[in-house]
Amino acid sequence: MKAVICGAGIAGLALAHRLDAAGWSVTVLEQAAAPRTEGYMIDFFGPGYDVLDRMGLLPQLQEHGYRVQALTYRDERGRRRASLSYARFAEMVDGRLTSIMRPDLERILRHALPERVALRFDSRLTRIDHRSDRVDATTADGTVHRADLLIGADGIHSTVRRLVYGDERHFLRYLGFHTAAWVFDDPAVRAEIGDEFALTDSTRRQLGCYALRDGRVAAFAVHHSSDPTLPADPRAALHQEYADLGWIVPQALAACPPADEIYYDQVAQIDLPYWNHGRVVLVGDACQAVSLLAGQGASLAVAGAQTLADELTRALGTTPDPTAAADPTLLATALRRYETAMRPVITDKQQVARRGARWFVPQRQWWLRARRVALAAAGLPGVDRMIVGAMVGRSRT
Ligand SMILES: Cc1cc2nc3c(=O)[nH]c(=O)nc-3n(C[C@H](O)[C@H](O)[C@H](O)COP(=O)(O)OP(=O)(O)OC[C@H]3O[C@@H](n4cnc5c(N)ncnc54)[C@H](O)[C@@H]3O)c2cc1C
């Protein structure tokens with residue numbers, strides 16, 4: 001059986017690995033000309049961590065991951081106003097937590113793929129021709145990739161979703177924030193933040209930094225905006241939003257690269273009425289984006305990939321043959337079970353993210369003060385569980 005996966009991000013690469021292991025012939029189409037080298041830090045824990053363990057990739061995850069000591073909020077003069085120990089956070093998830101740069105996680109998944117998986121960069125999917133017995137995915141250069149199943153693992157602004165379901169504005173829930181991330185060189189800033197995730201203790205917007213192993217600094221910014229429209233010049237927009245925050249912020253802004261090297265997007269979730277249509281199915285942010293406010297999108301993308309592969313194997317066996325693919329009811333059963341297993345988890349995480357938004361970036365001084373008090377109390381037994389529970393949600397699979 002032949003699967004074409006659109007998107008070599010976290011979901012697409014994890015799925016390629018799992019489907020190949022289940023006996024599928026797999027092609028992955030990626031629009032970027034080469035693997036991504038820049039990005040942002042991801043806290044990786046929960047169901048995706050467990051899947052990487054099953055894949056035997058924990059040693060690589062630990063080698064490339066970071067042991068952040070604490071999340072600290074600093075005022076405009078750099079004084080600590082509140083903090084949360086990562087060790088405590090790690091305890092709550094049985095130590096199964098690492099922080100890792102998104103390109104490093106993608107590299108681990110990519111390197112784990114056997115050579116028989118066809119990974120095609122510079123291959124932007126532009127068209128889908130869908131029939132009852134097959135699906136054709138066409139890329140911008142005119143190449144047609146024929147498959148038994150096409151999987152859209154192409155992120156929150158998915159092309160596969162648009163071609164099959166229509167315009168994203170019907171499914172994208174804007175959460176009222178813009179976010180940005182970039183990487184820069186500044187030894188003084190790096191020394192200032194040490195091994196912490198250091199954030200501004202500010203209302204309406206916040207900028208945080210991590211020190212990277214290669215001597216650079218990864219910056220991450222998020223701010224309220226009632227307007228979802230992205231600015232024409234992200235660099236100028238960042239200067240305008242954050243310039244008065246003090247502490248290390250002027251240096252982070254001064255080192256901000258040109259627009260095409262900055263990650264800049266809305267903070268949003270995807271809410272689709274159903275995740276598959278015939279021989280096309282979605283995985284990862286394309287159908288289940290929870291947003292960075294949930295802090296688990298990557299983990300859930302991996303978990304979704306594993307669940308989809310498991311359900312396909314349950315329905316079609318470990319050496320799926322093309323005649324089984326000809327029976328659309330078997331595929332339909334697998335795809336329905338995949339959605340039934342994942343959807344409640346996603347709904348829960350999306351709610352957690354929306355509820356937590358006022359804590360994540362407080363709109364008013366009152367909420368900022370309340371957050372300081374809550375974090376000061378986090379050292380007390382019981383309160384720590386409540387805080388981490390509120391952060392990670394009820395269900396862990
Ligand atoms: C600032 C920030 C911080 C975050 N922090 C965390 C965190 O702490 N923990 C966590 O678990 N998650 C976090 N997330 C969420 C996480 O990054 C996403 O949930 C995850 O990357 C989703 O993976 P994906 O593979 O579904 O999509 P993506 O990573 O978006 O990958 C999609 C891929 O598809 C490709 N593509 C798109 N269109 C096409 C096309 N037409 N043809 C071919 N290829 C195409 C893209 O180039 C890309 O490579 C964060 C997100 C942000 C923005």
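Predicted model: local features only at pLDDT ≥ 70, side-chain atom pairs only at ≥ 80, totals over all residues.
**The ligand and its shell**

The ligand is surrounded by 32 residues, and the closest of them are Glu30, Arg36, Tyr40, Asp43 and Arg102. By residue class, the shell holds 13 nonpolar, 12 polar and 7 charged residues. Three elements each contribute two or more residues to this shell: helix H1 (10-21), strand E3 (41-45) and helix H11 (297-316).

Tyr40, one of the closest residues, also makes a polar contact through its side chain: a polar atom there is 2.7 Å from an oxygen atom of the ligand. A polar backbone atom of Gln31 lies 3.1 Å from a nitrogen atom of the ligand. For Leu125, a polar backbone atom is 3.0 Å from a ligand nitrogen atom. The ligand would expose 1000 Å² if taken alone, and the protein buries 92% of that area.

| Helix pair | Axis distance | Crossing angle |
|---|---|---|
| H11 and H13 (residues 328-360) | within 8 Å | roughly 155° |
| H2 (residues 47-54) and H11 | within 7 Å | roughly 55° |
| H1 and H11 | 8 Å | about 30° |

How are H1 and H11 oriented relative to each other? Their axes are 8 Å apart and the packing angle is about 30°. An angle under 35 degrees counts as roughly parallel, so H1 is roughly parallel to H11. The crossing of this pair is right-handed.

H11 and H13 cross at roughly 155°. Since angles over 145 degrees count as roughly antiparallel, these two helices are therefore roughly antiparallel to each other. H11 passes H13 in a right-handed crossing.

For H2 and H11, the axes cross at roughly 55°. Which hand does the crossing of H2 and H11 have? The crossing of H2 and H11 is left-handed.

Methods: Residues numbered from 1 in each chain as written. Heavy atoms only, no water. Near = heavy atom within 4 Å. Polar contact = N/O pair within 3.5 Å; in protein donor to acceptor, adjacent residues only side chain to side chain. Areas by Shrake-Rupley, 256 points an atom, 1.4 Å probe, with all protein chains shown as cover. Helix = DSSP H or I, 4+ residues; strand = E, 2+ residues; numbered from the N terminus. Nonpolar A, V, L, I, M, F, W, Y, C, P; charged D, E, K, R; others polar. Axes fitted to C-alpha atoms, helices over the stretch in contact; angles between N-to-C directions. Parallel < 35°, antiparallel > 145°, perpendicular 65-115°, else oblique. Left-handed = near helix turned anticlockwise from the far one by under 90°.
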